[in-house]
Amino acid sequence: MTDDLGHFTIKANAGATLVFSSVSFQTRELRVGNDNTLNVQMETNSKELSEVVVTGFGTRTDTRKLSYAVTQIKGSELVATNNVNIGNALQGKVAGVTIAQGTGGPSSSSRIQIRGNSSLTGTNEPLIVIDGVLIEPNTTGADSWGSNQDFGNVVKNLNPDDYESINVLKGSAASSLYGSKALGGVILITTKKGRTRKGLGASVSHTESFDKAYKLLDLQNEYGGGISPNFATDAQGNRLVDPTATYFPVPNGGYSFGPKFDGKPVKDLDGRIIPWKPNDPLKDFFETGKYINTNAAIEAASETGSFRFSYTNLYNTSVVPRNSLNKNTFALHATQKLSSFLSVDASVNYTINKVANPINQGGNNNPIFTFMYNAPRSADIAYYKTHYADPVNGGVLKSAISADPYYFAHSLFFPLYNNDVTRQENYLLANLDVRAQILPWLTFLVRTNINAYNDYLENKQRGSGVGYTGGYYEVDQSNYKNTRVQGLLTATREINKDLNFNFTVGGETYRNLGGPQQTSKTNGGLSTPGLFFIGNSIQPATTVVNYTPKLRTDAVYAYGDISWRNMLTLNASLRTDWSSSLTYADAHGKNYYIYPSVGVGWIFSELPSFKNSKVGSIINYGKLRASLGYTGSSAPAYLTNNAGLYGQTGTFNGAGNTNIPIYSFNGNTLGNQNLVNEMAREIEVGAEIRFLDNRLGFDVAWYKKNAFNQILSLNTNVETGVSNRTINAGNIQNQGIELLLTAQPIKSKNFNWNMTFNLTHNRNKIISLYPGVTSLDLELGFGADVVARAYAGKEYGTLSTGYGFASYQAKDGSGNPVSNANNGKRVIGAAPNGSTGDYYTFLRSQDYDGSRKDIGNIMPNILAGTIQEVSYKNLSLNIQVDSKFGGLLGSATSQYGLETGNGKGTLFGRDKEHGGVAFTDKSGVSRNDGIIPDGVFAAGVHGTTATGSGVDLGGMSYADAVTKGFVTPVPAYAYYENLTQWSSGIREVSIFENSWVALRQVSIGYNIPVKSFNKKVPVTSLRVSITGRNLMYLYKTAKDGVNPEGLYSNRAAAFMEYGGLPMIRSLGATINASF
Amino acid sequence: MKLYKYVLALLVLVTALGSCKKSTFVDLNIDPTTLLSVDPKQQFLQASAKLPNDFEYYYDVYRSLMPWMQYSTGASGNGSGFTNPSSHFNYRYGNFYSNVGVPLSDIPKLIAKMSSSDQAARVYENSIASIYKAYYAFYVSDINGSIPYTQAFQARYGGTLTPSYDSQAMLFDTLDAQIKKAVTTLETVQPVTQLLYGTYDPFYGGVALQWAKAGNALRLKIAMRLMKRDANKLKSIATDVLADANQMSAISDSWVLSVGSSFADAGGNFNPSGFLASQPIVNFMLSKADPRLRIYYRKNGKGQYVGSPTSPDTAKLPAYQALYAAKDTPFSPLQHRLFTPNFNENDGFGVGNGDGFYPVLTYAEYCFIRAELGARAITGDAAATWYAKGVTASINFYDDRAIKAKVSAYTPVSAAEITAYLAMPGIAYDPTKGIEQIACQAYLDFYRQPSEAWAWWKRTGFPNTTSIVPWSPLSSNGNIATLTRRASLNLADPGDANYANQKAAYDAMASDPDFGTGPSDAFGRVWWDKK
């Protein structure tokens, strides 16, 4: 028998071979030498289900006792992904978990959704718990106008090198002990401890990985700038680039409907002679990103104590110039048994993370956006990358129109190489557990921890004026601090041979202590160019101080389980929260709420009658489980006491430039004096069956989670004087299935093949909102043109827009709808805000009949993934493929690529070879780039007859009207621009299903046999591995080559891409050594 | 076992924390930046600052009303559908209910919560807010017809969440009575020294009698809308108003919001860049040497004033298309700084730092109302006199604003110019064409109030293609392009909380066949706009 630390004694002769095996570890064989002590380090075998997982408040629980699904992942699996963000690293590994990667560079936060969205207003990000410290990741990223640098949330500061295991608690039964913060599930992390060994151990690992931008949107490489198919020439005979290729014309420019590329010289708009060929943004702009991670750890352990100290440095640059992340992490985890009565477990983690210049996720400062929208395919990116400043006077290139015709210097390169926006985050996590063994069966634990976070942002902008005048400097500092003190009294007793129980009572107080958030900035430019300090402001500098909200939750709870014959386990919990944020200023109302959970696990394969049956000989292990859990939650801080009151709303700039601060209502939301807590209920049933000597296993879970009484800000009619009111309302349901299949087709001493498949299907439905309220807006896209909504009775995240194609409906004289063969066809007419070339174009439904339409839903239908692991002796191969099916993505980049003619989707109709129709335009020019829109004219739209008189085209198809000579075909440039531009575009064109299958990871590892080394090198293990990550999409439906994983925010209902980054793959090598 | 006790004590302590005093929680949950109340002047400034809405300028003013009223055209002329109702038109509706009306409705409530002595000192403040609120309600109803008013803005005070609609006829009566009451109050000496908004009143700096004048002018303005519906009421209101001593008598009496240079930032939606002067107006002003030409528009690169044709079919002609596309387009732009004083004209003068302005009801408009009342013999006013006063006031007003806006290289208007202008044929008052002349001069004055120009056009039929100020006939693909007459209204979803009230109001409006084919028919008419 082994003791707690794994010690045991066995008698064996020298030279004998000992075989070590243990559940969930790979079997090892060792020859007995002359030493009396033999240290055996066993590799866990991840493919066999771990028998012990971390649940509840960090306690290790035998999986046999669980009544709900828990997934455990080893820290090393995350480390192997070579990714800053553990959210990204989790992708495809856990059934029921949806990951959406961020696109703002290494710091960008990813969206982690566990079993859909339970909340309509909160973040829905899971709670992360590291050694008992609670971490609440927030949402970051751009708003619906796309322009923002994403410094990411706290997840980027976590360091998987120090993690032993990661447990994902998905259901309420598992997470309800953590209270409201766990509404979106819990990611429970246990850091590494020192392992028992002789003397001091050390380990070093080093990874170098390289990121390569490999795929941009589908660009057309046949036509250059302008809208005329032929070049004009100057007096010297130079071919001239069409002026409509430039960024500057009002309203639009940057066209790529010009002459065909021929590689021959042309005179560009800035007067330079360049070859007429397309640019290559991947080569001209993007760089190779580097991921360099070094971890060194020393550890030791004895029977009475252990420690592990580790230092990790991560330096990560992205594919965008000057974007980097530099993270230093120090971690200490120590345990000590002070006496037979008292022991301590302390861990401290300190991270200093410096992020520089994250990419702008959209807008003019985003490279992809600017290449797609502001400039034609012929624009010389490489030239402006080095020629953005005025070489004589300093500052940005002067006379933008003639010197910087594509605005690259102004919008992209000058800011890129002259501005420096950095954010340093200092992050402390510290936990102390003091455990008293009061009686052999009774322990008392006091856990105290702190999560302190401070960030410091500096924004240095060099002036773009002559001599670098202008400029800007800003310093932001924020502080956050949470503390938690918890006490747990636990009894563990065996009542008799068949019955034993665990029971814990405890309580805690959790406090967000708040802290100042200060912003200081210069105004009117910098007095001395190039010097960055607040005092260097031309006009008086401004400082604003806000405060992070304070919050306190106190709780008492009791939980436990009772097991019968190691076969049937009943577990239950009960928690009561007192929440400061549910407290009113006059102390009325109820600020506490109570919620329980209960579950049962039954290992039916332990039944003697089953064991002895025929089925029992095939099924080694069979378990059924069921649970019911509730999770209560509170209001956002201050809501009960500030809605409907007053605050500063702005400043009035009066005559003579006097500025008066204005104080008015702090919002258009009506408060509510009767708010109560929210409550979520989750039912889960599942089964786990293993066959054939554990070589084949299934784990299936079905769940249904309903979140009731959410604290929402619901729309009211603005005529009431408020636009929203705070209310307890709604029933949001997530129902789904998670399936995990594990198999071991080959199992032998030298050759092993393990595979896992996971599959998730979740339906996120709004059962009800509130009487008189039919929908709630969740998230905007394309500015405010498209809205992701929660409609009562429909799925979460239905996209609604008035900017979709209008649908034709014939009407009789009195305006009643009548049947007509053309009903339902797309409608063509005059765009109310004008159209390019004044051509008729597809009408938006909102402009045709005032209607909005629902385009579809953003939530994925199915997520599936597989991991295949093959090992032969010391060599191993690991392949991960994951996939997502269903769910819409909107792309502004697609829209802009179509508008300017840079996208490949605009080739049709440009000339005869591409299907263009020949016609004579209204200026009398013969063209062959006509497109005939497929649609029907709206009532009241007019064409002109040959004699110049008007004719009503209402109800006629465009093709018929062309045949009859009432209208001309639309030239390609106008067709595409009118279809997609800001003033008349149809957003529906760039909203599409986003399904994909990704080859997420391939890695090859080799354990170098250490016995071949000279004894003087005290290496105990040495491993090298090569990992390729995000290698390619085996299948994708995203239109126009849009990056399928390009969301600009990790907000729950984010559904838009606005430039972002190209598709990026990484390839790297790691070496691990232990001493 | 000593430690055992200690541990148990700790447990008790931790448990006790869970049931800590509620007062601690109360203190924690108070946001330090929340104010429990504000001074009424704060709410008045908030409402004043929200008078112009940037989206209203972007869509309603620049992209709809100004081109419809032929003050301007788009960068390459007007498109064939430019007279069609845009789904973005009518920003004033939301601006009233979300921005302007909310703080104005709070002022009486804030005052009511004060001590009786404080309340007595704020009688004038209450009246001033009442006049402003009446104006904006009128402005909204003017193109929307029936709107919620008497039951609106009550949610914050425990009132209805489903306000019923006031018909326009009733609303105009309500507003007239409301303004009259406020004016009378402002003219009555109060027993207690009155607090006034002072610098928090960017219209009049808190001068009570100025507000009385504005109130009187507003009553006339609203009453003029009744011309075809209820001539008797127009007459009785006009007679009542003119009997009052406090009347506008100088351009400084104009009801105008004055703002600083960055209020309407040239970088945002207030930017009128890309719009061109209109051909009919430029040509008319050139022919009459109208001094406002140099205030309203800028010269082209060659130092000339050239207008862009307003008819889509004219703009489409290849000759014009070439001019629009030319790098040095000959068409005059709008006078940017009259709209956004900090506009950089790229003419070497850099970013401007003058003052901006948003007229509500100017002295010139007041004069033209008086002139028309006289010309129609509704009052005994001398039409010719008030007409000349109106033209003079209009020129002087815009001259003053151009100077304050620091229009680049601006030459102030001389008195002689005005005299000469007033003597021009077509400008000099001719009683046989009095109403047409008054309406056309009011139209020229409404350059910065195109919505009011629209209303006068609906009421008087001027300007038109044959009037003294001649509009171009608008032809789009060979057909006459007609102008809309009201906002396009959307009927709410039947699941909407206030659906029943809205439907009842729309049904009532639709009982008049002139309302149009349905709520969304912008070519239909509201109640006052009788055929």
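This is a predicted model: local features need pLDDT of at least 70, side-chain atom pairs count only at pLDDT 80 or more; totals for chains, interfaces and linings use all residues.
Residues are numbered from 1 along each chain as its sequence is written, chains are lettered from A and ligands numbered from 1 in the order in which they are written, and side-chain values use heavy atoms, with hydrogens and water left out.

Secondary structure elements are DSSP runs numbered from the N terminus, with helices (H or I) of at least four residues and strands (E) of at least two. Strands are taken to pair if DSSP finds at least two bridges between them. In chain B, strand β2 (residues 255-259) is paired with β4(B) in the antiparallel sense through 5 bridges. Within this pairing, B:Ser258 is placed opposite B:Phe357 of β4(B). Strand β4 of chain B, which spans residues 356-361, is mostly covered, with 6 of its 6 residues buried; here buried denotes under 20% relative accessible area, exposed over 50%, and partly exposed the range in between, for a 1.4 Å probe and protein chains only.

Strand β46 (residues 888-891) of chain A runs parallel to β56(A), to which 2 bridges join it. A:Gly890 has A:Met1056 in β56(A) as its bridge partner.

Nonpolar cores were defined as sets of buried Ala, Val, Leu, Ile, Met, Phe, Trp, Tyr and Cys residues joined through side-chain atoms within 4.5 Å. The largest core contains 153 residues, of which B:Phe44, B:Tyr132, B:Phe203, B:Trp211, B:Trp255, B:Tyr297 and B:Tyr447 touch the most other members. Helix α7 (residues 123-144) of chain B supplies the largest share of this core, 13 residues. Another core, of 42 residues, lies apart from it and includes A:Leu217, A:Leu219, A:Val320 and A:Leu1047.

Over all chains, the structure holds 94 aromatic pairs. Rings of Phe, Tyr and Trp (its six-membered ring) were paired if their centres lie within 6.5 Å, and planes under 30 degrees apart count as stacked, over 60 as edge-to-face and the rest as tilted. One of these pairs, formed by B:Tyr135 and B:Tyr136, is edge-to-face, at 6.2 Å centre to centre and 85° between the planes. Both partners are buried: B:Tyr135 has a relative accessible area of 7%, and B:Tyr136 has a relative accessibility of 0%. B:Tyr443 and B:Trp471 also form an edge-to-face pair, because their ring centres are 5.8 Å apart and their planes stand at 80°. Since B:Tyr443 belongs to helix α19 (residues 434-445) of chain B and B:Trp471 to the loop between α20 (450-460) and β5 (475-476) of chain B, the pair ties together parts 28 residues apart in sequence. B:Tyr443 is buried at 2% relative accessibility, and B:Trp471 is buried at 7%.

Charges were assigned to a position over a ring if NZ of Lys or CZ of Arg is within 6 Å of the ring centre and within 35 degrees of the ring normal. The charged end of A:Lys794 sits over the ring of A:Tyr791, at 4.8 Å from the ring centre. In chain B, the charged end of B:Arg459 sits over the ring of B:Trp456, 4.8 Å from its centre.

The structure holds 14 cavities of 30 Å³ or more. On a 1 Å grid over the protein atoms alone, a cavity is a set of points where a 1.4 Å probe fits but cannot get out, and lining residues have an atom within 4 Å of a point.

The peptide bond from B:Phe462 to B:Pro463 is cis, with omega near -5°, and B:Pro463 is located in the loop between α20 and β5 of chain B. A:Asn657, a residue other than glycine, has a positive phi near 55°. This residue, A:Asn657, lies in the loop between β31 (646-654) and β32 (658-665) of chain A and is partly exposed, with a relative accessible area of 32%.

Terms used
On a 1 Å grid over the protein atoms alone, a cavity is a set of points where a 1.4 Å probe fits but cannot get out, and a pocket is an open set with protein on both sides within 12 Å along at least five of seven lines; lining residues have an atom within 4 Å of a point. Grid points are joined across faces, edges and corners, and a volume is the space filled by probe spheres set on the points.
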